[in-house]
Amino acid sequence: MRLVLAASWRLDVIGTNSSHGVIGQLQSKQVDFSLTPLSVQPERMSIYDPTIEIARGKFYTMFRHPRYALERNIFLAPFESMIWIAIVIVLCCITALFTVVFVVERRTTNALSVALLHSLGILAQQPVVVPGRMALAGEKVLLLAMFGCCMLLFQYYSSFIIGYQLIVQPKTINTLEQLIATGMPVSIENLYYNRDFFMRTKDPIAIDLYRRRVLPNENAYLNVSTGIALVRKGGHAFHCDTAYAYTHVLETFTERQVCDLQYVTLYPHRVLHIPVAKGSPLKELFKGQLQIIRESGILAYQQARYFAARPRCIKDSHRTEPVQLFDVVSAFVLLAGGMVCSCFLLLVELVLRWVQIRLRKHRVPPAFLSMT
């Protein structure tokens, strides 16, 4: 038996008279069969004859699922955008009603500022207490309604935040469209088959993925070990044949990282055959002998021996998710912003007070000051 080496598949020469690559050698009948298995595709049926299935090509796009995928800020997550808009509208209406009550019933000069302070205090479960003042009937009804509304919102909001931080987050990236929407960079296993797929595909989703997530990536085509290392760091997706990629996952990933793995499908799994030249008399011989090998368990042993199974996520039911600083940094940013604003307003008040005192001194006659 004489072995003929080919540099690649050269799927681009299908339907031509070329003899380059595995495809060219089969269609020109330079070889009787190929040791490199190929999948059955409609455009290849005129080039070679398939035998029987010996394996399945399991190509996945794998990545570590981010904790807050496709979500807004964690402190905005409890309510949809329309709910937040409705809360703001209700708050404005309540503030307007408080203003009317203070102007009509109390003749308050700074009614708007006092009403806004009351509304924000009730919303934050910190009501404003004015000593020596009894609430009137209309004001009491308004306060009770506002307290009831804000209490329900606060209870749901706080329970959602606590529960969302402590439980394992659901995996919401299940399709290519959702993966594209995350903005996560995508790399491809450096196989000629993958390059050929993106050059020939008519799938608009695959074309969009290639244009928006693969092309902007400087290292678009990587070997398996490098691609899996990027997946392990997080924030990166890698499309590869998982049959041997799982070995790198089992050797380098921690238990937590294995549980974070998520997979989406770019194209269906391919059934692989040992191809023979078109019209070759060896076809039936190969089919019979390969069937014997398959029934004897040699193919199953080879699959179990050289191809790792999909890593299983073993979860501890008593383990809670750790809350990191990144998860609550928005609250500290809001607090720091409030402190800065309060200091700025205090400085403005001090400056205005100093200017007011200076103006009053200039208005007093000097003779009056000398008499006093």
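What follows is a conversation about this predicted model, moving from the whole chain to single elements.

Biologist: How confident is the predictor in the protein chain, and which element has the highest mean pLDDT?

Modeller: Across the protein chain the mean pLDDT is 82, and 89% of the residues reach 70 or more. Among the elements, helix H14 (residues 366-371) has the lowest mean, 53, whereas the highest mean, 92, belongs to helix H8.

Biologist: What does the secondary structure come to, and what percentage of the residues count as buried?

Modeller: The secondary structure of the protein chain comes to 14 helices and ten strands. Its contacts between residues at least 6 apart in sequence join, in 75% of cases, residues at least 24 apart. Of the 372 residues in the chain, the share that counts as buried is 34%.

Biologist: How many residues does the largest nonpolar core have, and how many are in the second, separate core?

Modeller: In soluble globular proteins, nonpolar side chains tend to be buried together. The largest nonpolar core here has 32 residues, and those with the most contacts inside it include Ile23, Phe63 and Val186; among the elements that each supply at least two of its residues are helix H1 (21-27), strand S4 (59-64) and strand S5 (186-189). A second, separate core, which includes Tyr60, Leu222, Val231 and Phe238, has 15 residues.

Biologist: Which residues of H3 are buried, and on which side of H3 are Leu112 and Leu117?

Modeller: Helix H3 (residues 111-123) has 13 residues and reaches 18 Å from its first C-alpha to its last, close to the 18 Å expected. Its buried residues are Ala111, Val114, Ala115, His118, Ser119, Gly121 and Ile122, and because they cover an arc of only 165° around the axis, they are on the same side of H3. Leu112 and Leu117, by contrast, are exposed, and their place is on the other side of H3.

Biologist: Is Thr226 buried, partly exposed or exposed?

Modeller: Thr226 has its place in helix H8, and its C-alpha atom is separated by 9.6 Å from that of Phe238, twelve residues apart along the chain. Buried would require under 20% relative accessible area and exposed over 50%. Because the relative accessibility of Thr226 is 35%, Thr226 counts as partly exposed.

Terms used
Residues are numbered from 1 along each chain as its sequence is written. This is a predicted model: local features need pLDDT of at least 70, side-chain atom pairs count only at pLDDT 80 or more; totals for chains, interfaces and linings use all residues. Side-chain values use heavy atoms; hydrogens and water are left out. Helices (H or I, at least four residues) and strands (E, at least two) are DSSP runs, numbered from the N terminus. The expected span of a helix is 1.5 Å times one less than its number of residues. Buried means under 20% relative accessible area, exposed over 50%, partly exposed in between (1.4 Å probe, protein chains only). The arc is that of the directions from the helix axis to the C-beta atoms. Contact means heavy atoms within 4.5 Å. A nonpolar core is a set of buried Ala, Val, Leu, Ile, Met, Phe, Trp, Tyr and Cys residues joined through side-chain atoms within 4.5 Å. pLDDT is the predictor's confidence in each residue, from 0 to 100.
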